[in-house]
Amino acid sequence: MAPTDPLSRTFAALADPTRRAMLARLAQGPATVSELAEPFDMSFAAVSKHLRVLEGAGLVTRGRDAQYRPAMLTARPLQDASAWLGDYRMVWAESVDALDTLLDGLTEAGPAAAAETTSPEARKPGTHDTEDT
């Protein structure tokens, strides 16, 4: 079953490396089916099928000039996908910041403290020295 919402169609189209390569080529400017097929060992029919998927996702439009029908990149769906991913950048940044803070703490405490907190014995429950009172 094909995805129905635009974002799902965009990600489904981007899931294939051949289609991503075609989009990279189209980022340089319009291209014909034969120009898009050039780097691949596939038939024009297979290239046309990939183009139909890209068109269905709104990533490509096709011109009409008699026999010449160049494909052109449409960036809007990529912008929408980038915006969706951007919502998660803060989560990624916070995770990286937390890791930096942890590593800075280990570095400031010195090699002995780092060895204590990372040694196998330090990670085993019940093996820490305790003072008798």
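**Reading rings, a helix and a buried charge**

Tutor: This structure holds 2 aromatic pairs. Rings of Phe, Tyr and Trp (its six-membered ring) pair if their centres lie within 6.5 Å; planes under 30 degrees apart are stacked, over 60 edge-to-face, the rest tilted. The model is predicted: local features need pLDDT of at least 70, side-chain atom pairs count only at pLDDT 80 or more, and totals for chains, interfaces and linings use all residues. Residues are numbered from 1 along each chain as its sequence is written, and side-chain values use heavy atoms, with hydrogens and water left out.

Student: How do I describe a pair of aromatic rings?

Tutor: Give the distance of the centres and the angle of the planes. Here, the ring centres of phenylalanine 11 and tryptophan 84 are 5.7 Å apart with planes at 65°, so this pair is edge-to-face. Phenylalanine 11 lies in helix 1 and tryptophan 84 in helix 5 (residues 76-86), so the pair ties together parts 73 residues apart in sequence. Helices are DSSP runs (H or I, at least four residues), as are strands (E, at least two), numbered from the N terminus.

Student: What kind of pair do tryptophan 84 and tyrosine 88 form?

Tutor: Their centres are 5.1 Å apart and their planes at 55°, so that pair is tilted. Ring pairs link Phe11, Trp84 and Tyr88 into a cluster.

Student: Which residues of helix 4 are buried?

Tutor: Val47, His50, Leu51 and Leu54 are buried. Buried means under 20% relative accessible area, exposed over 50%, partly exposed in between (1.4 Å probe, protein chains only).

Student: Where does arginine 19 lie?

Tutor: In helix 2. Arginine 19 is buried yet has no salt bridge. A salt bridge needs a side-chain nitrogen of Lys or Arg within 4 Å of a carboxyl oxygen of Asp or Glu. The nearest side chain of opposite charge, aspartate 16, is 4.3 Å away. Lys and Arg count as positive, Asp and Glu as negative; His and the chain ends are not counted.

Student: What is arginine 19 in contact with?

Tutor: Contact means heavy atoms within 4.5 Å. Leaving aside neighbours within four places in sequence, arginine 19 touches Ala12, Ala13, His50, Val53 and Leu54.
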